Amino acid sequence: MTEETPGFEEKPDVSGAESAGNADDAARAESADKAGSAPAGDDKQGAQDIALTAQLDQVRSALTERTADLQRLQAEYQNYRRRVERDRVAVKEVAAANLLSELLPVLDDVGRAREHGELVGGFKSVAESLEAVVAKLGLTQFGKEGEPFDPTIHEALMHSYAPDVTETTCVAILQPGYRIGERTIRPARVAVAEPQPGAQGGKSASEDGGKASDEENGGPDEG
């Protein structure tokens, strides 16, 4: 018969069970951490993408505005250059016109001397040099006999009637006109002739009378 030692009881080994439980708890906690951390990372990346997209849209909008401003500034500069060039040409023409207007009486004297055969010797050389200089400055002469009268470039000083004209015509150039480019600095002073009053009316009446006579006689005589 076996004797039991009093005061000592056998206890179950719980340390292994506790270690296994702790390991299970740690594994579950790690899994929970991983499960919770994955969605948080995705949300953060999505927020960054949205922010970058918004910034890119702002940059594109700013670039479009700056491009439009640059194009508008370039167009304004081109218009400014054209306006300055136009004003420069206009100022040059006005200055030349003011100078040459003072020389027109001299040119008239040269023209009259040429008509009378007095443009000879040294005077001829000086006159030709003067005409070359004013031509270089852009001065041109206009006005010819036989051309139609134009009140925008002609000034009629004398008036008459002539049977051989069909419209108001310049029959004599009393003083030639001068222009610089499209600017007229002096109109041509001319004598004009108009068609003879009643000439065309009388011609029409005689033609009508001839036609009426032919109709009464049964038409024109056949030769």
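**A walk from Tyr-178 to Arg-186**

Start at Tyr-178. Setting aside neighbours within four places in sequence, Tyr-178 is in contact (heavy atoms within 4.5 Å) with Leu-104, Leu-107, Asp-108, Leu-139, Thr-140, Gln-141, Phe-142, Thr-184, Ile-185 and Arg-186. This is a predicted model, where local features need pLDDT of at least 70, side-chain atom pairs count only at pLDDT 80 or more, and totals for chains, interfaces and linings use all residues. Residues are numbered from 1 along each chain as its sequence is written, and side-chain values use heavy atoms, with hydrogens and water left out.

Tyr-178 also belongs to the largest nonpolar core, which has 10 residues, including Leu-104, Leu-107, Leu-139 and Ile-185. Such a core is a set of buried Ala, Val, Leu, Ile, Met, Phe, Trp, Tyr and Cys residues joined through side-chain atoms within 4.5 Å. Buried means under 20% relative accessible area, exposed over 50%, and partly exposed in between (1.4 Å probe, protein chains only). α1 gives the most to this core, with three residues. Apart from it lies another core of five residues, among them Phe-142 and Cys-170.

Now turn to Arg-186. Why does Arg-186 count as buried? Because its relative accessibility is 9%. Its side chain makes a polar contact with the side chain of Asp-108 at 2.8 Å. It also reaches the backbone oxygen of Pro-176 at 2.7 Å. A polar contact is a pair of N or O atoms within 3.5 Å; within protein, one must be able to donate a hydrogen and the other to accept it, and residues adjacent in sequence count only if both atoms are side-chain atoms.

Terms used
Helices (H or I, at least four residues) and strands (E, at least two) are DSSP runs, numbered from the N terminus.
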